[in-house]
Every structure is written in C-alpha cells, then in structure tokens.
Amino acid sequence: DYAIGMNGHNAEVKHVAIYDYDQNGCVHNAAGGIILEAHQGLLESVLVNNVLLLLFTEGVGLHLKATSQGGIAYANFQNVRIRQAKRGIALEAETGSFINSNTWLAGAISSSGAGAAEVGIIVNATGACNENIFYGMVVDLVTSDLAHVYVEGSKTNLKLVNARLEGIDQPIDRPLVKIHESSYGNEMTGSLGHSYVDGNLNRNPGIRFMEKTTVGLDPLPQNQFWNAAFKGYDATTNSLPGWSITTNANLAISTTEEPLYPDHLVLDVQYLGYGGVFKLQASGLPPVPGHDHCTFGIYAKSTVAGSISAAMRYTSGSITSSASHAGDGEWQFIGMTSLYDKSAPSFYFSIDGNVQLTAPTLVFGKAPATPGGSLISSSGARMAGTLSYGMATSRSSCPNWVLPVNEGNVFNMDLQGDPTGCTITTINESAADRFPKGSTITLLFSEAGTRVQSNLHLKLKGDFVSSVNSALTLVSAQGNAEWTEVSRAAPQEYDMTYLGTGRPSLPTVTVV
C-alpha cells in the first residue's frame, strides 16, 4: 500500500521523511510513498512541503490518480525530494477524469545505481492531464529503463521550466525524454545532459533544450499567403490574385482607410447576406507535411459583432474556428493556432458582416503570427508587388571593367567624360570580384560610343556599342569571369511619319 493517502481538500503533508525500509527480512514492496486520489469527486489545494521519499524501489514516490469522473487541481508541491524510487512522480487520469493546474516548486528525483529507476516523471492518461508545471525540477537518474520523463495521451502534456535532466550512464539509444505521438503542446526548458529527446518537436515546439545531443525547433516565420498585400483586385471580374473568393459579397480596395502596414492595402468587404458565409480563402498554398501546427489570422475592422472569424480543418477532420470580431469598430487581429489536417488542409476567413481587412498571415508551426511580413525565401518566391533591384553607379577603367559587388544588379556606367575612348573586354575578371552563379546584371549607358567587345569572356551576339540611354543585360552562367548576353536595348531617334505599312518607325530591342 501507500505510506500516506490524501483525499481531502486542503490536506497537508510537510517536514517529514518517509521510507520503505528493508528491515527484519521484509523487502521493499510498498506501492508508494504518497498518493493523492480523486475518485468520483474533486481533490483541491493539497500542500506537500519539504518531504523526503526514500527507497520505494518497487513503487511510486508521489502518485496523483483520478478515476470515475474525479479530478485533482491546484495542488502545490514544494521541495519534494525522491530518492531510489522505481517511479518518481506519476500522474494518471482515466477517461472522464482530470489532473490539471498543479504546481511543483524545486525538488529532485535521483537514483544512485544503474537499473534503480524505471522513470523519473511519467504522465500517462486517457483523460485530461495538462497545465501541470514543474519549476526548477531536477531528475538525476544514473539510467532509466523507460525514460527520465515520459508523456503519453491526446489530452496530456507537461511543462518543465528550467529543469535539469541528467543520465550519466543512459545508453545513447535510450532517450531522456520520450513524448508519445498522441501528446502535443509539451513545454520544456533548462539543461539536458546525455542522450536526447524522442518526440515530434513540430507538435511540441515548446521543448527548447539546446545541447550537444539535442535541440529544439523553431518554425520559420515566413508568411505563406501569396499577395498578402491585396494587390491587383479586378472589380470587373471580382478577382484577387492569390485568393479564392465566393460571390456573396461586394469587394473594393479602400481609398480612405489608412493602411496598418506599408504597401498593404485595405480590402472592403460588403456582405450581401445570402448563400451562407462569405469565404476568403488563399489559393495554391504549398503543402508542408513537415509541420503539424499552423498559425494564421488577419486584421479586421467592423461595427458588426461576430462579423468574421478564422476557421481551419483540425487534425481530426472537423472544422474549428477562432474568436470572432467584437464589433467595436476598431482593428482587431482575428487568428488562431492549432494542429491541422495535413491530408486535406483548409484555412479560410468566415465572414457574415461588413468588414475591412488587411495584412493576412499564415505560418506553419506553432509560432506567433507575423502580420505585415511577406518574406522572400531563397528556396523560391512569388512577387505580388513591385520587385525593385538595387542600383549603383560604376566607375572603373577600360578594358578590364570592375563592377561593385553586392551593391545591386543595375549599374549606371560612368565613363568619366570619355565614352568613345573605352572598349570593355572583361567584367570583374578577378576571382575576388566575381558575382555568384546565376547573377543577372544590367549596364545602363547614358552616353554613346562605349564598346563592349564580344570575346571568350563576354559572350555577346556581337560587339555592343552604346547609344544614348542604351542598356546591356548579362548573366553569369558559371560564377566565373564569363558573362552571357541576355538582351540589349538601343533607343533610336525616330519621327511619327507613317510608313507604307501604316505604322510608325519604332526603336529596336533585341532579346537573345
């Protein structure tokens, strides 16, 4: 049996050492030291303070158990010291019962020999078992048969804040922390010595141990909504690039509302009141099977309470939604984060009232929202707004011209008053001055007469001779001293006299 059982509100155990002695031929066979048991009722506000639990080698040092619609909450454990127990602390809630919102301050669980412990902390529940927080807990077991910390259950998670987990003889193929696939939302910080964390960190981004053996994961805060700035709305076709919209609302780009973020337009939505809710949904979101969570939302302004909410398909296949707008006429961020259905993902804004919208954002992973940010990834990007290249002035000498590296892609060629006396035969020939492979540059000539010679280094259609306001575009195909012509533009003087074809003479642009 257990040395002490607690089943009444506000019960206390403090300033005591509790042993399971091997004495007079009796072996260590107690079920445990202290049990808090809630059966068909609640157990609240228990206090366990300054207690030593020793030598429960066949049982549990501290056991919280909820059965038959029972619940344990608001218990407080301070400086609980557990040595040489098979299981240090166990939390167990069956379906329909719960163990929630209990707090541990400091304390330690330790063993002094290999094989002495099965697990330090185990949370294994089919019922709700969450928001149980351990501050400054030490789990220092030489080895553990299962793990130092084990968590299992779809309604179960654990929070370890500034914990220290040590397993000096833990085999490298056995984790110190084991998170079952059914559990998510665990949060753990502190130090983890020896071995690793076994669990899906995308479902548990709050696990942030940073050690030689394991690291946490942070999702990339990159907005996955293309055209989050609402550019390019066509009122004639009622279409908005990057978005799929239903027909039961009138849309317009606001000309009076001040944008919250630079270059992000405000979209006016006038709900027409028929055909169900108006759905604003992104089209063509990329699949990201590596993530389990998704965070998304939008800024909304409305005088209609409940006019908009964010909605998504949960991992179970059902639709879940965020809180809706308060209808106070102020900007409010409407958003949510949750596990999502990776087999049939769906994210949209559900609207059944007049509303103004701006700066939608969606990031995969459990991360704060990033409204107003539309970052470009080096793995690929699409532009909804204007793409502006860096522009610089280039002053060098012929024939071996050197452009300033990392200052842009478009260069005003300054021939320093002698354009006709310059023939360029190489561009950034020195290895120290070369552009990366794939770089495209455009040379702008404001004066006539400069020659760019076609040769082994400059692979042109033929020699390029500048005219006033002409341009030459090149690409570095290999990242070496060679450049290949992409196009050239040479504006010409012409008049508007119609030729026999009925068309004016136009300047020529040659694309290679």
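pLDDT is the predictor's confidence in each residue, from 0 to 100. This model is predicted: local features need pLDDT of at least 70, side-chain atom pairs count only at 80 or more, and totals for chains, interfaces and linings use all residues. Residues are numbered from 1 along each chain as its sequence is written, and side-chain values use heavy atoms, without hydrogens or water.

**Exercise 1. State the confidence of the chain, then find where pLDDT stays under 50.**

Solution. The chain has a mean pLDDT of 89. Of its residues, 93% reach 70 or more. The stretch under 50 is residues 493-501. There the model has 8 contacts (heavy atoms within 4.5 Å) beyond four places in sequence.

**Exercise 2. Describe the surroundings of Asp341.**

Solution. Start with place: Asp341 is in the loop between strand S29 (331-339) and strand S30 (347-351). Strands are DSSP runs (E, at least two residues), numbered from the N terminus. Next, burial: Asp341 is buried (under 20% relative accessible area, 1.4 Å probe, protein chains only). Then charge: Asp341 has no salt bridge (side-chain nitrogen of Lys or Arg within 4 Å of a carboxyl oxygen of Asp or Glu). Arg313, the nearest side chain of opposite charge, is 4.6 Å away. Leaving out residues up to four places away in sequence, Asp341 touches Arg313, Tyr314, Thr315 and Gly317.

**Exercise 3. Locate the disulfide and give its geometry.**

Solution. The whole structure has 1 disulfide (cysteine sulfur atoms within 2.5 Å). Cys398 and Cys422 form it, with sulfurs 1.5 Å apart. The link is left-handed, at -45° about the S-S bond. Cys422 is buried, at 3% relative accessibility.

Conventions:
Helix = DSSP H or I, 4+ residues; strand = E, 2+ residues; numbered from the N terminus. Buried < 20%, exposed > 50% of the residue type's maximum accessible area, 1.4 Å probe, protein only. Lys, Arg positive; Asp, Glu negative; His and termini not counted.
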